[in-house]
Amino acid sequence: MAVALILLLILIGSVVFHLLSPWWLTPIATNWSYIDGTVYITFWITGAAFFAVVAFMAYCVFHFHHKEGRQAAYNPENKKLEWWLSVGTGIGVAGMLAPGLVVWHQFVTVPADATEVEVMGQQWQWSFRLQGKDGRLGTTDVRNISPDNPMGLNRDDPYGQDDVVIENGDLHLLLGKPVKILLRSVDVLHDFYVPEFRAKMDLVPGMVTYFWIKPIRTGTFDVLCSQLCGAAHADMRAKVIVEEESEYHAWLEKQKTFAELSGRKAVVRATYKSGGE
Ligand SMILES: [Cu+2]
């Protein structure tokens, strides 16, 4: 009796703890409410399974407790019960997986009017690149990466010259405008994660991964690395600032294009070589 009661208390306690806990999702800042939908579906299904299993255990402990002269019946095969358990588990698992397939399809189907932003991860910082006036990102090659070309742009690609390069800085995004986020890594696996965006994806060395978002509210959000990537993994932070058109353009004006950056650095190098005049 006592054990059955403890089991019931654990059950009720878990549900109450969940309802009263402060660890709910942060307020959402993009179009991805579908992601929250899938999280809640998983929560409800696993919650119901947890409830059913523990309640059944409490019932068995109470109902089949030891009694003088009572014997357990040996019943190793029960076709009907196995059938129901298989069907029930199958429906539960399908219920958790199927919505994910639909949402995943939407997550990587980028709308035609999305602008491109490149995110580059390296131990242990984030860099960003935005399309310039030509509305196109230039090509890159890891072999071009050097201190004055941190994102490895091809110097002779005309499309890359006006790309805005933000090394180890913060990313600004326009409110209400869809963006395709392209992800690259220089060294090891990283993961671009902004909790309020409900979006994250691995940065895999040697390939470009992507997803898209549409910011739906202004604010400053933390960029975290969500893939253990070395000693300073926890310090791999940046900010994403979602803002209205006027603020965004004021910020964009102040950023340097690839041509400006490499020109400036070339001057610095030349000055240095000629004795600092
Ligand atoms: Cu990282």
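Reply: Here's a walk through the metal site first, then the packing and the overall shape. Keep in mind that this is a predicted model.

Four protein atoms hold the copper ion: ND1 of His190, SG of Cys225, SG of Cys229 and SD of Met236, at 2.1 to 2.6 Å from the metal. The angles between these donors at the copper ion run from 91 to 125°, so the arrangement counts as tetrahedral. Read along the chain, the donors are spaced H-x34-C-x3-C-x6-M. Cys225 belongs to strand S9 (residues 219–225), while Met236 sits in the loop between S9 and strand S10 (238–243), so this pair ties together parts that are eleven residues apart in sequence. Cys225 and Met236 are both buried.

Now for the packing. The largest nonpolar core has 35 residues, and the ones touching the most other members are Trp126, Leu173, Phe192, Phe197, Phe211 and Ile213. Domain 1 (2–64 + 80–107) and domain 2 (115–273) each contribute residues, so this core lies between them. Take Ile213: leaving aside residues up to four places away in sequence, its contacts include Thr30, Asn31, Trp32, Leu173 and Phe197. There's also a second, separate core of six residues, with Met151, Leu153, Val165 and Leu261 among them.

Zooming out, the protein has five helices and ten strands. The C-alpha trace spans about 105 × 35 × 35 Å along its principal axes. Its radius of gyration is 27 Å, whereas a compact globule of 277 residues would come in near 19 Å. Buried residues account for 32% of the 277.

Note on methods: Residues are numbered from 1 along each chain as its sequence is written. This is a predicted model: local features need pLDDT of at least 70, side-chain atom pairs count only at pLDDT 80 or more; totals for chains, interfaces and linings use all residues. Side-chain values use heavy atoms; hydrogens and water are left out. Donors are N, O and S atoms within 2.8 Å of the metal (3.2 Å for Na, K and Ca); water is not among the atoms, so sites may look incomplete. Four donors count as tetrahedral if all angles lie between 85 and 135 degrees; four count as square planar and six as octahedral if opposite donors are over 155 degrees apart and all others between 65 and 115; anything else is irregular. Helices (H or I, at least four residues) and strands (E, at least two) are DSSP runs, numbered from the N terminus. Buried means under 20% relative accessible area, exposed over 50%, partly exposed in between (1.4 Å probe, protein chains only). A nonpolar core is a set of buried Ala, Val, Leu, Ile, Met, Phe, Trp, Tyr and Cys residues joined through side-chain atoms within 4.5 Å. Domain bounds come from an automatic or database domain assignment. Contact means heavy atoms within 4.5 Å. The radius of gyration is taken over C-alpha atoms; the globule rule is 2.2 Å times the number of residues to the power 0.38.
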